[in-house]
Amino acid sequence: MSYFAKETITFLKQLKKNNNREWFNDNKARYTQFVKEPFELFITDLIDAISPLIENLAITPKDAIFRIYRDVRFSKDKSPYKTHVSAIVSPGGRKNKIIPGVYFELNGEEARVYSGLYMSDSKQLKNLRSHISHNLNEFDQLITSNEFVNTFGEIRGEKNKKIQKEFEDDARSQPLLYNKQFYFFRSWPAEMILEDGLIDNIVDTYRIAKPVSEFLYEGTF
(Lines give C-alpha, C1' and ligand atoms only; values in the text may rest on other atoms or scores of the structure.)
Protein backbone atom coordinates (compact mmCIF):
# COMPACT_ATOMS: atom_id res chain seq x y z
CA MET A 1 0.00 0.00 0.00
CA SER A 2 1.18 3.51 -0.82
CA TYR A 3 0.36 6.13 1.83
CA PHE A 4 1.93 9.25 0.42
CA ALA A 5 2.09 11.22 -2.82
CA LYS A 6 4.82 13.28 -4.45
CA GLU A 7 2.90 16.28 -3.14
CA THR A 8 3.85 15.17 0.40
CA ILE A 9 7.52 15.68 -0.37
CA THR A 10 6.82 18.89 -2.31
CA PHE A 11 4.91 20.37 0.62
CA LEU A 12 7.71 19.65 3.10
CA LYS A 13 10.30 21.16 0.76
CA GLN A 14 8.18 24.28 0.31
CA LEU A 15 7.55 24.56 4.05
CA LYS A 16 11.30 24.72 4.63
CA LYS A 17 11.46 27.77 2.33
CA ASN A 18 8.24 29.36 3.63
CA ASN A 19 8.29 28.71 7.36
CA ASN A 20 5.75 31.33 8.38
CA ARG A 21 2.14 31.33 9.55
CA GLU A 22 0.74 33.16 6.54
CA TRP A 23 2.08 30.60 4.05
CA PHE A 24 1.12 27.66 6.23
CA ASN A 25 -2.44 28.91 6.72
CA ASP A 26 -2.79 29.48 2.98
CA ASN A 27 -1.61 25.89 2.39
CA LYS A 28 -3.20 24.16 5.38
CA ALA A 29 -5.60 22.16 3.21
CA ARG A 30 -2.59 20.74 1.33
CA TYR A 31 -0.90 19.92 4.65
CA THR A 32 -3.99 18.09 5.89
CA GLN A 33 -4.55 16.16 2.66
CA PHE A 34 -1.00 15.21 1.77
CA VAL A 35 0.88 15.17 5.09
CA LYS A 36 -1.22 15.04 8.26
CA GLU A 37 -3.92 12.53 7.30
CA PRO A 38 -1.72 10.07 5.35
CA PHE A 39 0.92 10.21 8.10
CA GLU A 40 -1.70 9.28 10.71
CA LEU A 41 -2.87 6.35 8.57
CA PHE A 42 0.73 5.27 7.99
CA ILE A 43 1.54 5.31 11.72
CA THR A 44 -1.68 3.41 12.48
CA ASP A 45 -0.61 0.61 10.16
CA LEU A 46 3.02 0.74 11.33
CA ILE A 47 1.89 0.20 14.93
CA ASP A 48 -0.07 -2.87 13.87
CA ALA A 49 2.73 -4.25 11.69
CA ILE A 50 5.53 -3.83 14.20
CA SER A 51 3.60 -4.91 17.30
CA PRO A 52 4.84 -8.55 17.09
CA LEU A 53 8.37 -7.22 17.64
CA ILE A 54 7.55 -4.79 20.48
CA GLU A 55 5.84 -6.06 23.64
CA ASN A 56 3.00 -4.05 25.18
CA LEU A 57 2.63 -1.79 22.16
CA ALA A 58 -0.82 -0.50 23.08
CA ILE A 59 -0.64 3.03 21.69
CA THR A 60 -2.59 5.09 19.18
CA PRO A 61 -1.19 7.40 16.49
CA LYS A 62 -2.05 10.32 18.79
CA ASP A 63 0.34 8.87 21.38
CA ALA A 64 3.11 8.50 18.80
CA ILE A 65 2.98 11.51 16.48
CA PHE A 66 4.73 14.78 17.30
CA ARG A 67 2.98 18.07 16.53
CA ILE A 68 4.33 20.03 13.58
CA TYR A 69 4.18 23.24 15.63
CA ARG A 70 7.47 24.20 17.25
CA ASP A 71 7.84 25.29 20.86
CA VAL A 72 9.77 28.53 20.33
CA ARG A 73 9.61 29.88 23.89
CA PHE A 74 13.26 29.17 24.70
CA SER A 75 14.67 29.09 21.18
CA LYS A 76 16.49 31.77 19.19
CA ASP A 77 14.94 30.24 16.08
CA LYS A 78 11.36 31.52 16.04
CA SER A 79 10.28 29.53 12.97
CA PRO A 80 6.78 28.38 13.91
CA TYR A 81 6.82 24.96 12.21
CA LYS A 82 9.00 21.91 12.07
CA THR A 83 10.05 21.10 8.52
CA HIS A 84 9.53 17.39 9.12
CA VAL A 85 6.90 15.02 10.47
CA SER A 86 7.83 12.39 13.01
CA ALA A 87 6.56 9.79 15.45
CA ILE A 88 7.86 7.40 18.09
CA VAL A 89 6.37 3.92 17.86
CA SER A 90 7.13 2.35 21.24
CA PRO A 91 5.16 1.39 24.36
CA GLY A 92 5.80 4.86 25.79
CA GLY A 93 5.13 6.77 22.59
CA ARG A 94 6.42 10.31 22.27
CA LYS A 95 6.22 10.88 26.04
CA ASN A 96 8.87 8.28 26.88
CA LYS A 97 12.04 8.34 24.81
CA ILE A 98 13.88 5.56 26.62
CA ILE A 99 11.71 2.50 25.91
CA PRO A 100 12.93 0.67 22.78
CA GLY A 101 11.05 1.21 19.55
CA VAL A 102 11.19 3.14 16.29
CA TYR A 103 11.47 6.88 15.73
CA PHE A 104 10.48 7.74 12.17
CA GLU A 105 11.19 11.15 10.66
CA LEU A 106 10.40 12.49 7.20
CA ASN A 107 11.47 15.76 5.64
CA GLY A 108 11.65 16.96 2.05
CA GLU A 109 15.02 15.35 1.42
CA GLU A 110 15.09 12.09 3.33
CA ALA A 111 13.35 9.62 5.58
CA ARG A 112 15.06 8.17 8.65
CA VAL A 113 14.40 5.31 11.02
CA TYR A 114 16.07 5.70 14.42
CA SER A 115 16.38 3.34 17.35
CA GLY A 116 18.57 2.94 20.41
CA LEU A 117 18.67 5.08 23.54
CA TYR A 118 18.27 8.83 23.16
CA MET A 119 17.42 10.15 26.61
CA SER A 120 18.35 8.80 30.03
CA ASP A 121 18.88 10.28 33.47
CA SER A 122 22.19 10.14 35.31
CA LYS A 123 21.32 6.96 37.22
CA GLN A 124 20.16 5.16 34.08
CA LEU A 125 23.30 6.25 32.26
CA LYS A 126 25.58 4.97 35.02
CA ASN A 127 23.69 1.68 35.08
CA LEU A 128 24.09 1.37 31.32
CA ARG A 129 27.81 2.04 31.46
CA SER A 130 28.14 -0.64 34.11
CA HIS A 131 26.11 -3.04 31.94
CA ILE A 132 28.34 -2.40 28.92
CA SER A 133 31.48 -2.63 31.02
CA HIS A 134 30.45 -6.04 32.37
CA ASN A 135 29.39 -7.30 28.94
CA LEU A 136 31.99 -5.81 26.63
CA ASN A 137 32.25 -8.83 24.34
CA GLU A 138 28.50 -9.14 23.89
CA PHE A 139 28.14 -5.42 23.23
CA ASP A 140 30.99 -5.45 20.72
CA GLN A 141 29.52 -8.42 18.88
CA LEU A 142 26.13 -6.72 18.64
CA ILE A 143 27.37 -3.41 17.25
CA THR A 144 29.97 -4.90 14.88
CA SER A 145 27.75 -7.56 13.33
CA ASN A 146 27.61 -7.26 9.54
CA GLU A 147 23.84 -6.79 9.59
CA PHE A 148 23.98 -3.93 12.10
CA VAL A 149 26.92 -2.16 10.46
CA ASN A 150 25.53 -2.50 6.95
CA THR A 151 22.17 -1.11 8.08
CA PHE A 152 23.07 1.57 10.63
CA GLY A 153 26.82 2.10 10.43
CA GLU A 154 27.56 2.99 14.02
CA ILE A 155 26.14 4.14 17.33
CA ARG A 156 26.02 7.92 17.65
CA GLY A 157 25.37 10.43 20.40
CA GLU A 158 26.80 13.24 22.50
CA LYS A 159 29.71 12.30 24.74
CA ASN A 160 30.91 13.24 28.21
CA LYS A 161 34.46 14.52 28.41
CA LYS A 162 34.87 12.62 31.68
CA ILE A 163 33.23 9.51 33.07
CA GLN A 164 33.29 7.74 36.42
CA LYS A 165 36.75 6.41 37.27
CA GLU A 166 35.48 2.83 37.42
CA PHE A 167 34.81 2.86 33.67
CA GLU A 168 37.99 4.54 32.46
CA ASP A 169 39.98 1.35 31.85
CA ASP A 170 37.22 -0.28 29.81
CA ALA A 171 36.64 2.96 27.90
CA ARG A 172 40.11 2.64 26.40
CA SER A 173 38.90 -0.40 24.47
CA GLN A 174 35.27 0.75 24.14
CA PRO A 175 35.09 4.55 23.74
CA LEU A 176 31.29 4.42 23.51
CA LEU A 177 31.32 4.31 27.32
CA TYR A 178 31.80 8.09 27.10
CA ASN A 179 28.48 8.46 25.28
CA LYS A 180 25.49 10.17 26.88
CA GLN A 181 23.27 8.95 24.05
CA PHE A 182 23.31 5.67 22.16
CA TYR A 183 21.22 6.06 19.03
CA PHE A 184 21.58 4.91 15.44
CA PHE A 185 19.62 5.42 12.25
CA ARG A 186 19.05 4.31 8.70
CA SER A 187 18.24 6.86 6.02
CA TRP A 188 16.72 6.80 2.56
CA PRO A 189 15.87 9.44 -0.03
CA ALA A 190 12.46 10.92 0.72
CA GLU A 191 11.04 9.23 -2.38
CA MET A 192 11.15 5.88 -0.57
CA ILE A 193 7.87 6.85 1.11
CA LEU A 194 6.15 6.42 -2.26
CA GLU A 195 7.01 2.72 -2.43
CA ASP A 196 4.50 -0.01 -1.59
CA GLY A 197 6.92 -1.78 0.75
CA LEU A 198 7.45 1.18 3.07
CA ILE A 199 6.14 -0.46 6.24
CA ASP A 200 7.88 -3.78 5.52
CA ASN A 201 11.12 -1.84 5.10
CA ILE A 202 10.74 -0.21 8.51
CA VAL A 203 9.75 -3.43 10.26
CA ASP A 204 12.77 -5.23 8.76
CA THR A 205 14.98 -2.34 9.88
CA TYR A 206 13.72 -2.57 13.45
CA ARG A 207 14.21 -6.32 13.43
CA ILE A 208 17.93 -5.62 12.95
CA ALA A 209 17.92 -2.83 15.54
CA LYS A 210 16.07 -4.77 18.22
CA PRO A 211 18.95 -6.77 19.80
CA VAL A 212 21.04 -3.62 20.28
CA SER A 213 18.11 -1.51 21.47
CA GLU A 214 17.05 -4.12 24.01
CA PHE A 215 20.61 -4.57 25.27
CA LEU A 216 20.83 -0.82 25.87
CA TYR A 217 17.43 -0.58 27.55
CA GLU A 218 18.05 -3.56 29.84
CA GLY A 219 21.27 -1.92 30.96
CA THR A 220 19.49 1.14 32.34
CA PHE A 221 17.99 -0.76 35.31
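**Close-up 1. The largest pocket and its lining.** Strand E3 gives the largest share of the lining of the largest pocket, four residues. This is a predicted model, in which local features need pLDDT of at least 70, side-chain atom pairs count only at pLDDT 80 or more, and totals for chains, interfaces and linings use all residues. Residues are numbered from 1 along each chain as its sequence is written, and side-chain values use heavy atoms, with hydrogens and water left out. The space in this largest pocket comes to about 440 Å³. Its lining is made of 19 residues, and Ile88, Lys97, Tyr103, Tyr114 and Tyr118 are the closest to the centre. Two or more lining residues come from each of strand E1 (84-89), strand E2 (102-107) and strand E3 (110-117). Sorted by class, the lining has 10 nonpolar, six polar and three charged residues.

*Terms for the pockets:* a pocket is an open set of points on a 1 Å grid over the protein atoms alone, where a 1.4 Å probe fits, with protein on both sides within 12 Å along at least five of seven lines; lining residues have an atom within 4 Å of a point. A volume is the space filled by probe spheres set on the points. Helices (H or I, at least four residues) and strands (E, at least two) are DSSP runs, numbered from the N terminus. Ala, Val, Leu, Ile, Met, Phe, Trp, Tyr, Cys and Pro count as nonpolar, Asp, Glu, Lys and Arg as charged, and the others, Gly among them, as polar.

**Close-up 2. The second largest pocket.** Here the volume is about 330 Å³. Of the 14 lining residues, Lys36, Glu40, Ile65, Phe66 and Arg67 lie nearest the centre. Helix H3 (28-50) and helix H4 (61-64) each bring at least two residues to this lining, with H3 giving the largest share, five. The lining holds eight nonpolar and six charged residues, but no polar ones.

**Close-up 3. Asparagine 19, in a loop.** Look for this residue between helix H1 (6-17) and helix H2 (21-26). Neighbours within four places in sequence aside, asparagine 19 is in contact (heavy atoms within 4.5 Å) with Ser79, Pro80, Tyr81 and Thr83.

**Close-up 4. Threonine 8, in helix H1****.** Threonine 8 is buried, with a relative accessible area of 1%. A polar atom of its side chain lies 2.7 Å from the backbone oxygen of phenylalanine 34.

How values were computed: Buried means under 20% relative accessible area, exposed over 50%, partly exposed in between (1.4 Å probe, protein chains only). A polar contact is a pair of N or O atoms within 3.5 Å; within protein, one must be able to donate a hydrogen and the other to accept it, and residues adjacent in sequence count only if both atoms are side-chain atoms.
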